[in-house]
Amino acid sequence: MKLKITLITFVLCVCSSINAQEISDTSFGKGMINFVAKDSSFSVKFAPRFQVRSISSWDHDGDQYGSPEHNFIVRRARLKFDGFAYSTKLKYKIELGLSNRDISGANAYNRNTPRYILDAVIMWNFAGNWELWAGQTKLPGNVERVVSSANLQLIDRSLLNSRFNIDRDLGIQLRHKTKLGVDFLMREKLSISQGEGRNVSEGNEGGLQYTARLEFLPFGTFKSKGDYSQSDLKREQKPKLMLGFTYNYNQDAVRERGFAGDYMLRSDGSLYETDQTTIFADAMFKYKGFSFMGEYAKRTADNEIATELDGVTPTGDVVLTGNALNVQAGYLFKSNYEIAARFTTVNFERITETLPRKQYTLGVNKFVVGHKLKVQSDISYTTINGNEDNMTFRLGFDIHF
């Protein structure tokens, strides 16, 4: 409640001070408030957004599909602030989540409080093509995860992402880009982080998490950072391609999926620790309204089965190891309607006792103002261990100021 009152007070203060600022020209989709201080010592863009959707799901009972289950949710409701402070070379981003799905996950390691903070990061361009990031934000993992949930081609991310991504964490990142030719660009990203996900406030359990990513853009950069936005809304007139490779090592990880999942707690109150490694290979391609994204992920662990202090007795927790493949493609018509399709397969190690899954998804989108105002729908058919299992239809609406 105190945080909500603080947020409302902040927004009112910003609104009341607009007349004392140099206000930038803005329009829908470019921020509700967008201004620069008179002395150019800082800037602020305030851009709230939310996503609402309905979900209808049918489970297969062996002979036929049963009665559908319906659900209506506010999937995301967020407040985003970004700009520069003191110098245009020192940028910042703050993003807060307000929906139940955004703030859930309270535990003893974040003082059993809602997880309001998504991003709180500063980005310092300290020399040439070098940037230093510090704070809480997304790690340089698989491309699908780093793409904002505001810029997705289908209603939500794939099974690969939900089972294997490395998401947000607290730490530092070093980023650099190198020209390898007239158009050929290489980007290098390194990160050292806490390893337990966002909003952890009670020290660091286990070891640190190390992430390295290389990106290759042989045909130059995409328009409007389109390599990290799904659908070819800019209708690239020349082929654009990004190839990415990520290596992630979470030393002495204490959660079932490294940054997420249950803490692997022993009966004496201590935490089971094991090294976890995740690798990603992905690609993004766009050309004249056509878009393609492909990803492969694999997670391994030194000892998947969590044990008590004796090193023999299982605690019941198991690291979610295995691999996944995800491919999706879409075509945007001149009417700004788009059709898209996705195929995902997830295979877990036998030791996890989790059955393999395949999912086929077909979607139709209408972009009113790009990703800022859109209506999306998709239908997914999911099988578990090769058997018919589930049909899900989703309809979503997005508005981003």
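In strand 22, Asn390 is the bridge partner of Thr382. This pairing belongs to a predicted model, in which strand 21 (residues 373-384) and strand 22 run antiparallel to each other over 12 bridges.

**Strand pairing around strand 22**

- Strand 21 and strand 22 form a hairpin, with 2 residues between them.
- Within the turn of this hairpin, Asn385 has a positive phi of about 60°.
- Strand 22 (residues 387-400) also pairs with strand 3 (residues 43-59), in the antiparallel sense and over 11 bridges.
- Strand 22 therefore has antiparallel pairings with both strand 3 and strand 21, since two strands count as paired if at least two bridges are found between them.
- Ser54 stands opposite Leu395, a residue of strand 22.

**Glu338, a buried charge without a salt bridge**

- Glu338 is found in strand 19, which covers residues 337-348.
- The residue is buried, yet Glu338 has no salt bridge.
- The nearest side chain of opposite charge is that of Lys374, 7.9 Å away; no salt bridge is counted here because the limit is 4 Å between a side-chain nitrogen and a carboxyl oxygen.
- Which side chains make polar contacts with the side chain of Glu338? One is the side chain of Ser231, at 2.9 Å, and another is the side chain of Asn365, at 2.8 Å.
- Leaving aside residues up to four places away in sequence, Glu338 touches several residues, among them Gln153, Ser291, Tyr331, Leu332, Val364 and Phe367.
- The glycines Gly330 and Gly363 are also among the residues that Glu338 touches.

- How many salt bridges does a search of the whole structure find? The search finds 18.
- Because Arg78 lies in strand 4 and Glu95 in strand 5, the pair ties together parts that are 17 residues apart in sequence.
- Arg78 counts as buried, at 9% relative accessibility.
- Arg49, Arg78 and Glu95 belong to a network of salt bridges that also includes Lys93, Asp102, Asp119 and Arg168.

- The side chains of Arg75 and Asp156 meet in a salt bridge at 3.4 Å, N to O. Arg75 lies in strand 4 (residues 69-85), and Asp156 lies in the loop between helix 3 (143-146) and helix 4 (159-164), so the pair ties together parts that are 81 residues apart in sequence.
- Are the two partners buried or exposed? Arg75 is buried, with a relative accessible area of 11%, and Asp156 counts as buried at 12% relative accessibility.

Notes. Residues are numbered from 1 along each chain as its sequence is written. This is a predicted model: local features need pLDDT of at least 70, side-chain atom pairs count only at pLDDT 80 or more; totals for chains, interfaces and linings use all residues. Side-chain values use heavy atoms; hydrogens and water are left out. Helices (H or I, at least four residues) and strands (E, at least two) are DSSP runs, numbered from the N terminus. Buried means under 20% relative accessible area, exposed over 50%, partly exposed in between (1.4 Å probe, protein chains only). Lys and Arg count as positive and Asp and Glu as negative; His and the chain ends are not counted. A polar contact is a pair of N or O atoms within 3.5 Å; within protein, one must be able to donate a hydrogen and the other to accept it, and residues adjacent in sequence count only if both atoms are side-chain atoms. Contact means heavy atoms within 4.5 Å.
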